[in-house]
Every structure is written in structure tokens, then in C-alpha cells.
Amino acid sequence: MSGSFVTILHVSDQGMPFIVLSNGSSYCYSRKLDSWMLINSSDPVIRHGLIGNKANAPVRNIKAYPLSTIQSYGSFAGPKTNSFAEIHSAPWQTSAAIAFIENQIKICEMITSPAELKYWYSMLGFQLALNGSEEKIRQVLDDLLGASHSLDTRMGDDNDPAVLGISKHVFMEDVLNHLKMQTKWQRIYTEYLDQLKFLKERAGRDKPLLME
């Protein structure tokens, strides 16, 4: 941050401070981590992530969409292409795009932004459907299905069925909606949709599910 100064300072309704520096980098402060979190910079992973996912990003609204709004103030130059395929053509860019989206999800949880959290889960589903591996897709779906049904031991003891008041199954449906559009993932789509239906029926819920 040497030589830079604060150009924008915002404190959210939840008391979360955000700053944008004159060099374009931006940060938010996490009380849980007791440190500042980088949310925008010239880092290539962040640059490609923002450029590749900005087409349908939420509009600039600091109260409703704090993360995307603060990130929109960055002045870094992106790649000279408008093609999503070109932006994520290299192998490292594909894995970087998924890592970027997962980091966006963590930040949304940290700053309590449910609308953006739902958006980034949908983008995760989109990216996984296009370029994800079966292992990664199963890891994400197992996490959203519920810890007691997951084979991924890295999930630990996180048994909370909701994030920021939104059921994890809602995020799971968003991801599945993208997977069902790709022929290569039909088996996984059907497998996890059946599990989701079973859990909802067992819970006595009577809500419409995805159209098969």
C-alpha cells in the first residue's frame, strides 16, 4: 500500500468497513479473522475472475451488493478480448476461475451479502458445468447436500443447513440447473437430484423441484 491513499471508505449496515485505495486495490475488514481481506487488486487471478464473470454481475449498489460495487472501482486493465472462452482458455485460467469464485463465496459469507452469495453460487455452477472435473463437482454438491451425506472428509463438522439464512439446497439447485445443460454431467445431475428429492420428502417439504 506504499504511496497509496484511501479514495473510498464505506461502512456497511453490519458495521463492515470497506476501503478503496488510489492504486485500485480494495479491502474489507474481517472481525472474525481480525485482519483486512484483499478483494480487488492487479493479481491475475482476481483480474481474470472479475473480467470473466462481470457480464451478468449485480449492478453497482453499495447496500445491496457491497462486494461487486467495491470491486467495480478497480481501474486495472483486463485482457483485450470479450470472449469468455478466450479468457478461460488456458488450463491455469480454468482452475483460477473456480478458485476465484470460491473465494468470492467466502467473502460474501464474511460480509453478510446473501444476494451476492446466491449469484456467485450460480456462477460456480456455470463454471463447473463448462470446465469442472467430476471430483470437484461432487465435492461442491456433497457440501451443499449436507455434511452427513458427504464423502468429503474435508468438510469437517459443518452441519449448518443454511448460509446467511438461505438453505444450502437452494444453492445446490442453482448448481444443478447448470449441470443439467451439459450432456456429460447428466448422470451426476440425476444422481444428486434424486438425493435432494429424497431429503426434501423426508423432511416433509412440499416445494417444487427442478424440472427434469
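1. Which element gives the most to the lining of the largest cavity? In this predicted model, that element is α4, which contributes four residues to the lining. The elements that give two or more residues to this lining are β4 (35-40) and α4 (91-111).

2. As for the cavity itself, the count comes to one cavity of 30 Å³ or more, and the space in the largest cavity is about 30 Å³. The residues that line the largest cavity are L38, I39, I46, Q71, F100, N103, Q104 and I107. Sorted by class, this lining holds five nonpolar and three polar residues, with no charged residues. A probe the size of a water molecule, rolled over the atoms, shows where empty space is left.

3. Turning to helix packing, helix α5 (residues 114-131) packs with helix α6 (residues 134-145) at an angle of about 150°, and their axes lie 10 Å apart. Because angles over 145 degrees count as roughly antiparallel, α5 is described as roughly antiparallel to α6. The crossing of these two helices, α5 and α6, is left-handed.

4. The packing of α5 with helix α7 (residues 168-179) has an angle of about 30°, with the axes of the two helices 8 Å apart. Since angles under 35 degrees count as roughly parallel, α5 is taken as roughly parallel to α7. The crossing in which α5 passes α7 is right-handed.

5. On the α5 side, the contact with α7 is made by L117, K118, Y121, S122, G125, F126 and A129, while α7 supplies V170, F171, D174, V175, H178 and L179. The classes in the contact of α5 with α7 are eight nonpolar, three polar and two charged residues.

How values were computed: Residues are numbered from 1 along each chain as its sequence is written. This is a predicted model: local features need pLDDT of at least 70, side-chain atom pairs count only at pLDDT 80 or more; totals for chains, interfaces and linings use all residues. Side-chain values use heavy atoms; hydrogens and water are left out. Axes are lines fitted to C-alpha atoms, for helices over the stretch in contact, and angles run from 0 to 180 degrees between N-to-C directions. Angles under 35 degrees count as roughly parallel, over 145 as roughly antiparallel, 65 to 115 as roughly perpendicular and the rest as oblique. A crossing is left-handed if the near helix is turned anticlockwise from the far one by less than a right angle, and right-handed if clockwise. Contact means heavy atoms within 4.5 Å. Ala, Val, Leu, Ile, Met, Phe, Trp, Tyr, Cys and Pro count as nonpolar, Asp, Glu, Lys and Arg as charged, and the others, Gly among them, as polar. On a 1 Å grid over the protein atoms alone, a cavity is a set of points where a 1.4 Å probe fits but cannot get out, and a pocket is an open set with protein on both sides within 12 Å along at least five of seven lines; lining residues have an atom within 4 Å of a point. Grid points are joined across faces, edges and corners, and a volume is the space filled by probe spheres set on the points.
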